[in-house]
There are 2 protein chains.
Amino acid sequence: MADVLTIAVDAMGGDRAPDVIVEGVAMARARFSCARFLLFGDEARLAPLIAAHEGLGEVCEIRHGTESISSAERPSQALRHGQNSTMALAIKAVKNGEAAVAVSAGNTGAMMALAKFILRTLPGIDRPALASRVPTAHGESVMLDLGANVECDENNLFQFAIMGAAFARAILGLERPRIGLLNIGVEELKGNEAVKGAGQNLSKTPLPLEFIGFIEGDGIAAGDADVIVADGFTGNVAIKTAEGMARLMHDLLGRAFATSLLTRFGYALTRRALKTELRLFDAEGQNGAVFLGLNGLVVKSHGGADGRGFFAAMELAMEMAADDLCGTISANIEKIADAGKDAAQAAAS
Amino acid sequence: MADVLTIAVDAMGGDRAPDVIVEGVAMARARFSCARFLLFGDEARLAPLIAAHEGLGEVCEIRHGTESISSAERPSQALRHGQNSTMALAIKAVKNGEAAVAVSAGNTGAMMALAKFILRTLPGIDRPALASRVPTAHGESVMLDLGANVECDENNLFQFAIMGAAFARAILGLERPRIGLLNIGVEELKGNEAVKGAGQNLSKTPLPLEFIGFIEGDGIAAGDADVIVADGFTGNVAIKTAEGMARLMHDLLGRAFATSLLTRFGYALTRRALKTELRLFDAEGQNGAVFLGLNGLVVKSHGGADGRGFFAAMELAMEMAADDLCGTISANIEKIADAGKDAAQAAAS
């Protein structure tokens with residue numbers, strides 16, 4: 001990891017800002033000695049919160065700003081009126097090289113619009129995508145797009161695969177991540193045109209990734225792929241369905257354990273083992289989604305995250321920044337372009 | 001319920017036919033005194049299996065047939081070569097009025113193609129859909145389409161809503177089921193054109209159903225809607241994602257309980273309560289998917305179901321047959337058509 005990594009923090013985004021934001025920053029500082037923080041927000045509120053943590057002031061710089069974007073604001077409104085918001089200022093710090101990554105718990109749509117407007121997409125990438133971790137039988141996989149693009153063609157899906165592979169490399173440490181296209185069957189004939197076309201292109205790519213073909217919905221939790229690629233509609237529905245089902249089972253477990261004195265005792269005996277096995281279903285610990293495909297790194301924390309949750313999003317930000325994620329995506333997109341040119345020349349000669 | 005309901009059973013479909021099929025039939029006979037069974041399959045194999053259950057022969061009639069459709073066969077092949085298969089014969093028994101419903105654990109794609117070819121779609125329905133139950137925080141909801149139609153327009157989704165409402169009425173006993181359209185946000189502006197268009201049409205329908213608008217993926221398990229409507233691609237991914245996540249949590253629970261002697265003891269104390277709370281996650285007990293929108297009822301059992309699983313699919317078949325599901329769908333489609341004519345006349349006059 002580099003000597004110093006600076007994180008730009010939107011200190012006013014989310015339901016519980018700025019208190020939980022500063023809490024998360026304090027945790028990140030304890031974990032990463034190389035981290036420095038640019039906090040964008042109301043100085044009068046931030047200064048005492050920072051002062052409450054001994055020594056935190058030494059690694060934090062407050063950039064005063066009071067404009068914020070509400071959760072109800074539309075992306076188009078955010079673009080028109082939000083250019084001086086603390087969210088936009090944090091993203092601009094990435095753009096001008098002051099920070100390696102920006103983190104916000106604010107409005108997702110606004111963040112996507114502002115990040116795309118300020119940072120622009122990487123050369124060769126048509127559309128950025130939203131990616132996140134998902135718990136599986138083997139640990140964790142990554143999944144994208146989670147809702148940035150309602151409709152996608154085969155080229156979008158192909159680019160998502162490249163972006164997702166770089167993301168998996170950065171945060172899961174995999175040299176050759178296994179890529180799966182989410183579909184309604186594993187046979188080649190199944191699915192819509194976009195999925196079929198992307199499958200054909202991925203099966204002949206020269207990149208350091210392993211395309212394992214189509215996977216079905218139950219393959220997500222089974223850990224069949226390290227990177228699950230979908231259009232934003234399907235991906236969003238899938239990840240939220242998975243979250244909802246995990247929450248339901250969690251609630252039903254709680255109800256079962258609360259049935260009687262005996263079941264309460266049973267819970268006391270198994271609590272620690274349950275916590276260990278179900279650790280990846282800890283929403284706070286797994287918090288953090290990423291906009292991939294931009295000239296710069298932007299991480300979205302859940303709006304309702306607590307300090308530990310915001311810390312998890314910052315941890316994700318640190319891992320990506322340390323791995324030069326954008327550089328990996330660009331290099332792979334160039335390889336694809338070169339391979340395309342070679343193929344075209346070979347065909348022409 | 002009618003005095004006698006006859007079920008046409010494909011006795012040769014699925015991985016464990018005909019043994020588990022006859023087991024399921026025996027259970028259905030114990031549960032439903034009004035049930036009669038037409039078993040399509042190899043008489044030499046079926047006769048001794050039936051004879052092993054005292055009195056079962058009195059409510060069963062074997063229709064000899066030995067042609068079956070393999071799980072690898074494509075729908076088009078099944079249509080060409082499978083017209084005398086036990087699956088096709090069972091569906092034809094519904095067509096010619098001998099049975100109220102057909103049940104098979106065979107090849108899904110073949111069953112869909114044969115059912116559509118033999119029974120035809122109901123007037124006013126463009127495409128049949130595959131529907132099933134899904135466990136929620138409030139008990140059960142129904143969801144469709146689960147994969148019969150990869151791409152759907154707003155009219156398809158609208159018709160699915162009507163079909164799903166009739167299904168919910170039949171198997172959940174709801175007079176005014178709450179219909180939700182699966183989407184990536186709850187705001188009116190979210191989603192693709194098909195979802196937005198169907199949402200507008202549903203919000204002004206005169207039918208006895210309550211359209212609650214869009215729901216997100218996590219609304220499925222939360223029980224936000226009684227009927228969850230989606231195109232076949234999204235619905236298939238969502239239900240399989242939910243199944244996969246439930247299975248993963250189940251496996252992790254098992255691992256946690258197996259950690260030590262103490263956790264095993266803890267499990268012994270909570271086992272019964274867990275079983276009660278998680279009963280809806282019992283794959284065998286919840287087995288059975290339905291093709292809606294045809295001139296006749298067809299139920300698909302999971303291919304790997306055991307006797308209890310096949311019984312659950314037959315139970316679903318009985319509930320639907322007793323409720324005149326096709327009649328309800330037809331009546332509602334007619335109401336919509338009449339309302340459309342009235343509106344057109346009003347506009348013309």
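Modeller: A helix axis here is a line fitted to C-alpha atoms over the stretch in contact, and angles run from 0 to 180 degrees between N-to-C directions. This model is predicted. Take chain B to begin with. Helix α1 (residues 19-31) of chain B and helix α11 (residues 307-322) of chain B cross at roughly 50°, and their axes come within 7 Å.

Biologist: Why are α1(B) and α11(B) called oblique to each other?

Modeller: Set the angle against the cut-offs. Under 35 degrees counts as roughly parallel, and 65 to 115 as roughly perpendicular. The crossing of α1(B) and α11(B) is at roughly 50°. The pair is therefore oblique.

Biologist: Is the crossing of α1(B) and α11(B) left-handed or right-handed?

Modeller: Right-handed, as α1(B) passes α11(B).

Biologist: Which residues make the contact?

Modeller: From α1(B) come Val20(B), Ile21(B), Glu23(B), Gly24(B), Val25(B), Met27(B), Ala28(B) and Arg31(B). From α11(B) come Gly307(B), Arg308(B), Phe310(B), Phe311(B), Met314(B) and Glu315(B). Sorted by class, α1(B) and α11(B) bring eight nonpolar, two polar and four charged residues to the contact.

Biologist: Is the peptide bond from Ala17(B) to Pro18(B) cis or trans?

Modeller: Cis, with omega near 0°.

Biologist: Now chain A. How do α6(A) and α7(A) pack?

Modeller: Helix α6 (residues 154-172) of chain A and helix α7 (residues 193-203) of chain A have axes 8 Å apart and pack at an angle of about 50°. That angle makes α6(A) oblique to α7(A). The crossing of α6(A) past α7(A) is right-handed.

Biologist: Which residues of α6(A) and α7(A) meet?

Modeller: On α6(A) they are Glu154(A), Asn155(A), Leu157(A), Phe158(A) and Ala161(A). On α7(A) they are Glu193(A), Ala194(A), Val195(A), Gly197(A), Ala198(A), Asn201(A) and Leu202(A). By class, the α6(A) contact with α7(A) has seven nonpolar, three polar and two charged residues.

Biologist: Where does Asp145(A) lie?

Modeller: In the loop between β6 (139-144) and α6 of chain A. The peptide bond from Leu144(A) to Asp145(A) is cis, with omega near -5°.

Biologist: What is the phi of Arg120(A)?

Modeller: Near 65°, a positive value in a residue other than glycine. Arg120(A) sits in the loop between α5 (108-119) and β5 (129-136) of chain A. In chain B, Arg120(B) also has a positive phi, of about 65°. Arg120(B) lies in the loop between α5 (108-119) and β5 (129-136) of chain B.

Biologist: How do α9(A) and α9(B) cross?

Modeller: At roughly 35°, with the axes of helix α9 (residues 232-257) of chain A and helix α9 (residues 232-257) of chain B coming within 8 Å. The crossing of α9(A) and α9(B) is right-handed. The contact includes Phe233(A), Met245(A) and Leu253(A) of α9(A), and Phe233(B), Met245(B) and Leu253(B) of α9(B).

Biologist: What is the make-up of the contact of α9(A) with α9(B), by class?

Modeller: 18 nonpolar, six polar and no charged residues. Among the α9(A) residues in the contact are Ala238(A), Met249(A) and Phe257(A).

How values were computed:
Residues numbered from 1 in each chain as written. Chains lettered and ligands numbered in written order. Predicted model: local features only at pLDDT ≥ 70, side-chain atom pairs only at ≥ 80, totals over all residues. Heavy atoms only, no water. Helix = DSSP H or I, 4+ residues; strand = E, 2+ residues; numbered from the N terminus. Parallel < 35°, antiparallel > 145°, perpendicular 65-115°, else oblique. Left-handed = near helix turned anticlockwise from the far one by under 90°. Contact = heavy atoms within 4.5 Å. Nonpolar A, V, L, I, M, F, W, Y, C, P; charged D, E, K, R; others polar.
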